[in-house]
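Have the model open in your viewer and a selection tool at hand.

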Amino acid sequence: MDYAFWIISGITVLGALLAVTLRNLVHCVLSLILFFLGIAAHYFLLRADFVGAVQILIYIGAVAVLILFAIMLTRNVTGADGPREVIGVKWWAGSVIAALTAFLLSFAVSGDKLAGTISPGDKAYVGVADIGRGFVGDWVVPFEVMAVLLTAALIGAVVIALEEIRHRR
Amino acid sequence: MTIPLGHYLILAGVIFSIGLAGALTRKNAIIVLIAIELMFNAAILNLIAFWHYKQYAALTGQMFAVFAIGIAAAESAIGLALVIAIYRQSKTVDVDEIRSLKG
């Protein structure tokens with residue numbers, strides 16, 4: 001099973017790198033979908049089946065499509081970004097900060113006793129049925145709060161995006 | 001699976017840093033939102049990794065990850081609506097050119 005981790009990690013990091021470096025916005029979103037698939041594969045590898053399925057449904061099915069729609073609504077030319085610069089002027093400062101963050105995070109988790117923790121295997125498996133019972137049992141209040149939050153976000157997104165039409169009348 | 005927990009933490013750190021670099025260097029507001037999604041996913045991967053290695057019999061880790069994914073989806077919907085509203089206002093999604101709130 002070890003090689004699966006390395007293959008999926010390579011795909012995930014490749015997708016993440018391409019998503020923030022490619023010039024064409026649509027290609028960026030396609031790389032982002034590759035990255036989301038890699039993360040979902042990691043969840044399946046970690047025996048979190050439900051979260052993996054939710055990752056595919058919400059991120060690839062909803063968020064990626066939403067980003068594609070936003071790109072198509074905000075771009076005046078189809079195809080590549082054109083000759084205009086896509087990277088900001090201070091790109092080196094951002095890269096240095098990100099590299100420093102990566103170094104510090106790696107430094108913080110290596111050499112600790114966390115690094116030696118071994119996977120428990122398949123001893124006690126949490127299935128989808130357990131999660132479903134959790135949603136209507138112990139976690140029913142956060143579940144309802146999440147429903148209210150999503151409703152508020154939906155109404156808010158519609159109000160923000162419809163502002164122009166309301167002013168026109 | 002004999003992969004130690006530290007490998008997942010380092011992977012999440014690398015993904016988070018890639019997202020941070022994208023959010024700090026790219027000029028397109030939509031790519032900045034994509035980079036923020038990368039950072040969200042790195043954090044949720046950490047949640048699932050810690051659940052798997054430390055609290056495998058409990059439900060809490062997976063529940064927390066599902067709620068975090070829901071909040072991230074709400075955030076991206078609002079963010080993209082804001083980008084569309086800004087584009088209608090100023091005809092650009094370049095974060096260096098959107099400076100009407102700049103002091």
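Start by selecting chain B: from the N terminus on, its elements run α-α-α. What you have on screen is a predicted model, and chain B comes to 3 helices and 0 strands. The radius of gyration of chain B is 17 Å, well over the 13 Å that the globule rule gives for 103 residues, so chain B is more spread out than a compact globule. Of the 103 residues here, 58% count as buried. Among contacts in chain B with a separation of 6 or more, 47% join residues 24 or more positions apart.

Next, color by pLDDT. Chain B has a mean of 88, with 97% of its residues at 70 or more. Within chain B, helix α2 (residues 29-54) has the highest mean, 92, and helix α3 (residues 60-90) the lowest, 90. Now switch to chain A, where the mean is 83 and 80% of residues reach 70 or more. Where pLDDT is low, the predicted coordinates should not be read in detail. For the model as a whole, the scores are ipTM 0.92 and pTM 0.88.

Show both chains together and look at where they touch. Here 73 residues of chain A are in contact with 63 residues of chain B. Which element of chain A gives the most to this side? Select α3(A), which contributes 13 residues. By class, the side of chain A that touches chain B has 51 nonpolar, 16 polar and 6 charged residues.

Now go inside, to the largest nonpolar core, with 69 residues. Elements giving two or more residues to this core come from both chains: α1 (2-21), α2, α3 (49-74) and α6 (140-161) of chain A, and α1 (5-25), α2 and α3 of chain B. The largest share, 17 residues, comes from α2(B).

For the last stop, pick A:I67, which is among the residues with the most contacts inside the core, as are B:I30 and B:I34. What does A:I67 touch, beyond residues up to four places away in sequence? Display A:V29 from chain A, then B:I30, B:L33, B:I34 and B:L80 from chain B.

Conventions: Residues are numbered from 1 along each chain as its sequence is written. Chains are lettered from A and ligands numbered from 1 in the order in which they are written. This is a predicted model: local features need pLDDT of at least 70, side-chain atom pairs count only at pLDDT 80 or more; totals for chains, interfaces and linings use all residues. pLDDT is the predictor's confidence in each residue, from 0 to 100. Helices (H or I, at least four residues) and strands (E, at least two) are DSSP runs, numbered from the N terminus. A nonpolar core is a set of buried Ala, Val, Leu, Ile, Met, Phe, Trp, Tyr and Cys residues joined through C-beta atoms within 7 Å. A residue is buried if 20 or more other C-beta atoms lie within 10 Å of its own, exposed if 12 or fewer, and partly exposed in between; C-beta atoms are placed from the backbone. Two residues are in contact if their C-beta atoms, placed from the backbone, lie within 7 Å. Ala, Val, Leu, Ile, Met, Phe, Trp, Tyr, Cys and Pro count as nonpolar, Asp, Glu, Lys and Arg as charged, and the others, Gly among them, as polar. The radius of gyration is taken over C-alpha atoms; the globule rule is 2.2 Å times the number of residues to the power 0.38.
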